[in-house]
Amino acid sequence: MAAESSMSSRSKSSSHGALLLCSHGERPVLRTSGTKENYGRRFWGCVYYGVHEGCNFFRWADSETEVENPEIARMKKKVASLKSRMRAAEWKLMVVGLLGFVGWAGFLFLLLQNFAMSRPKCVIPLNLV
């Protein structure tokens with residue numbers, strides 16, 4: 001069975017997983033498959049997999065068949081909002097950096113111009129008479 005040769009990553013059961021019970025009467029945990037055929041695919045499996053014998057609970061947790069938890073939907077909206085705010089902050093930081101660079105370049109230009117104007121001119125009198 002695919003569950004026997006898969007990697008396990010425990011996480012809290014979603015609302016869909018909370019409705020399921022294995023033969024031990026426990027809520028299943030969300031795991032990630034490690035097989036070649038289904039690498040990275042998530043599934044619900046018995047919490048006692050590899051510890052107790054006799055329970056072969058297994059169900060794929062494909063997103064199209066899984067009922068979305070309202071908490072997950074809220075978090076997805078929050079992540080999208082945070083990504084949008086991060087892009088805006090990155091844009092503002094780039095503008096501030098560009099203005100800072102232009103400001104420093106202007107400052108150096110004026111400083112060098114002032115330095116060049118304040119130097120005494122070497123005037124050699126040409127008295128050819």
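What does the charged end of arginine 41 sit over? The ring of tryptophan 60, 3.8 Å from its centre. The test for this asks that NZ of Lys or CZ of Arg be within 6 Å of the ring centre and within 35 degrees of the ring normal.

Some ground rules. This is a predicted model, where local features need pLDDT of at least 70 and side-chain atom pairs count only at pLDDT 80 or more, while totals for chains, interfaces and linings use all residues. Residues are numbered from 1 along each chain as its sequence is written, and side-chain values use heavy atoms, with hydrogens and water left out.

Now the overall layout. The chain has two helices and three strands. Along the sequence they run α-β-β-β-α. Helices (H or I, at least four residues) and strands (E, at least two) are DSSP runs, numbered from the N terminus. Of the 129 residues in the chain, 19% are buried. Buried means under 20% relative accessible area, exposed means over 50%, and partly exposed is in between, with a 1.4 Å probe and protein chains only.

On to the sheet. The three strands form an open sheet, ordered β1-β2-β3, with antiparallel pairing. Two strands pair if DSSP finds at least two bridges between them. β1 and β3 stand at the edges with a single partner strand each, so one side of each has no neighbour in the sheet. On average, neighbouring strands are turned by 35° against each other, direction ignored. For such angles, axes are lines fitted to C-alpha atoms, for helices over the stretch in contact, and angles run from 0 to 180 degrees between N-to-C directions.

Take the strand pairs one by one. β1 and β2 are antiparallel over four bridges. Leucine 30 has tryptophan 44 in β2 as its bridge partner. β2 and β3 are antiparallel over three bridges. There, glycine 45 stands opposite phenylalanine 58 in β3.

In a regular strand, side chains alternate between the two faces of the sheet. Look at β1, residues 29-32, with that in mind. Val29 and Arg31 are on one side, Leu30 and Thr32 on the other. All four are buried, and both faces of the strand are covered.

Glutamate 26 sits in it, between α1 (15-18) and β1. At 33% relative accessibility, glutamate 26 is partly exposed. Valine 47 is 21 residues from glutamate 26 in sequence, yet the two are 7.1 Å apart in space, C-alpha to C-alpha.

Next, the aromatics. How many aromatic pairs does a search of the whole structure find? Four. Rings of Phe, Tyr and Trp (its six-membered ring) pair if their centres lie within 6.5 Å; planes under 30 degrees apart are stacked, over 60 edge-to-face, and the rest tilted.

Start with phenylalanine 43 and tryptophan 60. Their ring centres are 6.1 Å apart and their planes stand at 85°, so this pair is edge-to-face. Phenylalanine 43 is in β2 (residues 42-45) and tryptophan 60 in β3 (residues 58-60), so the pair ties together parts 17 residues apart in sequence. Phenylalanine 43 is buried, at 1% relative accessibility. Tryptophan 60 is partly exposed, at 22%. Phe43, Phe58 and Trp60 form one aromatic cluster. And tryptophan 60 is the residue whose ring lies under the charged end of arginine 41.

Another pair is tryptophan 104 with phenylalanine 107. It is edge-to-face, 5.6 Å centre to centre, with 90° between the planes. Both residues are in helix α2 (residues 70-118), three residues apart, about one helical turn. Tryptophan 104 is exposed, at 58%. Phenylalanine 107 is partly exposed, at 45%.

UniProt, in an unreviewed entry, lists residues 93-112 as "transmembrane region". UniProt positions are given in the numbering used here, feature names are shortened, and annotations may be inferred rather than shown by experiment. In the model, that span is 100% helix and 0% strand, with its end C-alpha atoms 28 Å apart.

Last, charges. Side chains of opposite charge can pair when their charged atoms come close. A search of the whole structure finds one salt bridge, meaning a side-chain nitrogen of Lys or Arg within 4 Å of a carboxyl oxygen of Asp or Glu. It joins glutamate 71 and arginine 74, at 2.7 Å, N to O. Both lie in α2, three residues apart, about one turn. Glutamate 71 is partly exposed at 36%, and arginine 74 is partly exposed at 45%.
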